[in-house]
Amino acid sequence: MRHKLQKLALYKSSIFKTLTDKLLVYKAKNGDKEAFGKLYQKYLDSIYRYIFFRVNQDKKIAEDLTQAVFYKALEKLDSFDEEIAGFRPWIYKIAHNLVIDHYRNFRQTTTLNETLADENHKFEDKILQNMQVQNIYKVMNKELTEEQKQIIILKYVNDLSNKEIALILNKNEEAIRSLQYRALQNLRKTIKKHE
Amino acid sequence: MNNPNEYQDIISHIKKLEAVKPSKEFKSRVDLMLSKTIQPSSRQVILASPFRLVAFSVLLFFISSVGVVGASEQSEPGSLLYPVKKAVREVRLALETNPRSRAILHMQKAEDNLKEIEQSVESNNNNRLEQNVNRYQENVNKAFQESQKSKQQNNTINRMEQSAGKQREVLQQIENRAPQQAQPALNRAIEASEKNQQEVRGAEIIDNQPETQNGQGNNEAGKGNR
């Protein structure tokens, strides 16, 4: 019962968020630039967080890419079609593509493994100094594929729905569910082993 | 997933990662850069029209439930309920798709405009008079255009002709007591009313001709007189 109520509350809040976004996007498209400012304030933290974990907690790169996401969104807002996807999956898709572009450019000079920041730098962020969180995060980095890690971050850290994640990663919802399940199974197994 | 609670402990640890946020320095840097790009626009959109319509409908539903709408029907310009009456007409027009009903609603709006014209003549407000005459002309034209689309054209035209006749009488009465400076605007309103009446009559003649020749009459003329 409690679980159902929680689900209902989440559903209601997601409808509210979607409606607010629709209104802000409509206003921004009609020349109200302050409305875009509100969208930026709403999504800045979560977009930064998503990029931060995708670029191995490199603050500098995360900041540069986050900034680029909002410039690109502002530039492309007129071509954004709400019928295809909501604003949230759309802006995450921009972030996703910019990270891919970043690695594509970076790989010309170095390999992906070499880009992994050293452990001390990784846990420089205050929240990651919590041992339990640190352990989970280490396990996530070690045991999960890049795709699984991404899904876990989008789903449980940034609260996106499977449908939205499917749109961002160009996959169907069933594939997202299955990757998510396997990722959680892997985490459980590894944690049990260490206990 | 079989049981979402099965992984709740792991999920709750993962959720702690949401405390990761960009630094204040970065935020203020981006704020500044974006605020230079995003200059507040002079063109402000108050509300999207679908949203405005929904909000309006909710308001209408609320006030109709306490009988305000019914009471507002008899209200005159300047009274407290008159804006409610006008709002109700706008909502009805926005929701109405039947051309006959739309034509009647535009004629009702024109009648309201007449009262407003009368009031602006009495208060000697020439600017207001000009605005009201423009609105009157606009509504009379729209009523005629809608009546042309109506399937029950004869029926609609009869009703419009009656209404246009009454409106002309009212306009002539206003003209008789209006000051000199109000005459040109009132003449425009009378012309609009006369033109409407002539067009309505013309449409009636054209509409009746083939049917009279065929001896069929207009089947719809007597139907559905709402």
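Figure 1. Chain A holds 9 helices and 0 strands, helices being DSSP runs of H or I with at least four residues and strands runs of E with at least two, numbered from the N terminus. Read from the N terminus on, its elements run α-α-α-α-α-α-α-α-α. Of the 195 residues in chain A, 47% are buried, where buried means under 20% relative accessible area, exposed over 50% and partly exposed in between, with a 1.4 Å probe and protein chains only. Among contacts between residues at least 6 apart in the sequence of chain A, 60% join residues at least 24 apart, a contact being heavy atoms within 4.5 Å. The model is predicted, local features need pLDDT of at least 70 and side-chain atom pairs count only at pLDDT 80 or more, while totals for chains, interfaces and linings use all residues. Residues are numbered from 1 along each chain as its sequence is written, chains are lettered from A and ligands numbered from 1 in the order in which they are written, and side-chain values use heavy atoms, with hydrogens and water left out.

**Figure 2. Packing of helix H2 against helix H7 in chain A.** Two packed helices are described by the angle between their axes and the distance between the axes. Helix H2 (residues 33-54) of chain A and H7(A) pack at an angle of about 155°, with their axes 10 Å apart; axes are lines fitted to C-alpha atoms, for helices over the stretch in contact, and angles run from 0 to 180 degrees between N-to-C directions. H2(A) is therefore roughly antiparallel to H7(A), given that angles under 35 degrees count as roughly parallel, over 145 as roughly antiparallel, 65 to 115 as roughly perpendicular and the rest as oblique. From H2(A), Arg49(A), Tyr50(A), Phe53(A) and Arg54(A) meet Glu146(A), Lys149(A), Gln150(A), Ile153(A), Leu154(A) and Val157(A) of H7(A). By class, this contact between H2(A) and H7(A) has 5 nonpolar, 1 polar and 4 charged residues; Ala, Val, Leu, Ile, Met, Phe, Trp, Tyr, Cys and Pro count as nonpolar, Asp, Glu, Lys and Arg as charged, and the others, Gly among them, as polar.

**Figure 3. Crossing of helices H7 and H8 in chain A.** The axes of helix H7 (residues 146-157) of chain A and helix H8 (residues 162-169) of chain A come within 10 Å and cross at roughly 140°, and H7(A) and H8(A) are therefore oblique to each other. Their crossing is right-handed. On the H7(A) side the contact is made by Gln150(A), Ile151(A), Leu154(A) and Lys155(A), and on the H8(A) side by Asn162(A), Ile165(A) and Leu169(A). The residues of this contact divide into 4 nonpolar, 2 polar and 1 charged.

**Figure 4. Helix H8 of chain A and the loops on either side of H8(A).** H8(A) is mostly covered, with 6 of its 8 residues buried, namely Asn162(A), Glu164(A), Ile165(A), Ala166(A), Ile168(A) and Leu169(A). Asp159(A) is partly exposed, with a relative accessible area of 40%. Just after H8(A) comes Asn170(A), which lies in the loop between H8 and helix H9 (173-194) of chain A. Although Asn170(A) is not a glycine, its phi is positive at about 55°, and at 66% relative accessibility Asn170(A) counts as exposed.

**Figure 5. His106(B) and Pro99(B) in helix H6 of chain B.** Chain B holds 9 helices and 0 strands, and 38% of its 226 residues are buried. His106(B) is found in helix H6 (residues 99-122) of chain B and, at 4% relative accessibility, counts as buried. Not counting residues up to four places away in sequence, His106(B) touches Leu93(B), Asn139(B), Lys142(B), Ala143(B) and Glu146(B). Pro99(B) also lies in helix H6 of chain B and, leaving aside its neighbours within four places in sequence, is in contact with Glu146(B), Lys149(B) and Ser150(B). Pro99(B) and Gln148(B) are 49 residues apart in sequence and 8.2 Å apart in space, C-alpha to C-alpha.

Note on methods:
Left-handed = near helix turned anticlockwise from the far one by under 90°.
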